Amino acid sequence: MKAIRAHAFGGPEVLKLEDAPDPKAGPGQVVVRAKAVGVNPVDVSIRTGAYSKIVQPPYTPGSDAAGVVEAVGDGVKHVKAGDRVFITGTTSPSFTGACAELVLSRAAQVHPLPAGLSFQQGAAIYIPYGTAYRALVQRARGQANETVLVHGASGGVGVAALQLARSLGF
């Protein structure tokens, strides 16, 4: 398979498209054929070595993806080969990142993708919409008819915050 790999910390020039071995699903794991991958500010922080949880190079970047289940390991019951799914957080020392044709993830981080969502939308669920939901609903405890100021509404989290606020009646 092809994967984007970072062999050092730095700017975008450290990213290289390479051949990599196909991952195999072990117990409690899922392999997904990526159809869309999200790119988030946290990915830049990891790549530059500025993130609090350092992933040592070489690694494949990316946390968010959506695609089709290629294989499941023992004990995985909620998805099966051929299912459309989205992935929430893959980068860790023992799992592949999302910037690859095939993504290995913990089963708990693989979720069915609703039929009405595209792969591109599925790849945007975890960090942008999860962050916006945590900020507006869980932390700020926003209520309908309140006014919301979204600073930086042009990025992924900002757009998600605007959409969530509107849908919740803010």
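Trainee: Why is the contact between Asp19 and Lys2 called a salt bridge?

Mentor: Happy to start there. The term needs a side-chain nitrogen of Lys or Arg within 4 Å of a carboxyl oxygen of Asp or Glu. Asp19 and Lys2 have N and O 3.0 Å apart, so the pair meets the cut-off. Do keep in mind that this is a predicted model, where local features need pLDDT of at least 70, side-chain atom pairs count only at pLDDT 80 or more, and totals for chains, interfaces and linings use all residues. Residues are numbered from 1 along each chain as its sequence is written, and side-chain values use heavy atoms, with hydrogens and water left out.

Trainee: What does the pair of Asp19 and Lys2 tie together?

Mentor: Asp19 sits in strand S2 (residues 15-19) and Lys2 in strand S1 (residues 2-6), so the bridge joins parts 17 residues apart in sequence. Strands here are DSSP runs of E with at least two residues, helices are runs of H or I with at least four, and both are numbered from the N terminus.

Trainee: What makes Asp19 count as buried or exposed?

Mentor: Buried means under 20% relative accessible area, exposed over 50%, and partly exposed in between (1.4 Å probe, protein chains only). Asp19 has 60%, so Asp19 is exposed. Lys2 has 35% and therefore counts as partly exposed.

Trainee: Which side chain meets Arg33 in a salt bridge?

Mentor: That is Glu70, at 3.2 Å from N to O. This pair links distant parts of the chain, with Arg33 in strand S3 (residues 29-37) and Glu70 in strand S4 (residues 64-72), 37 residues apart. Arg33 is partly exposed because its relative accessibility is 31%, and Glu70, at 39%, is partly exposed too.

Trainee: How many salt bridges does the structure hold?

Mentor: Three. The pairs include Lys80 and Asp83, whose closest N and O atoms are 3.0 Å apart. Lys80 has a relative accessible area of 52%, so Lys80 is exposed.

Trainee: How do you know that the radius of gyration agrees with a compact globule?

Mentor: The radius is taken over C-alpha atoms, and the globule rule is 2.2 Å times the number of residues to the power 0.38. For 170 residues a compact globule would have a value near 15 Å; the protein has 17 Å, which agrees.

Trainee: Which elements does the protein have?

Mentor: Four helices and seven strands, running β-β-β-α-β-β-β-β-α-α-α from the N terminus on. As for burial, 41% of the 170 residues are buried.
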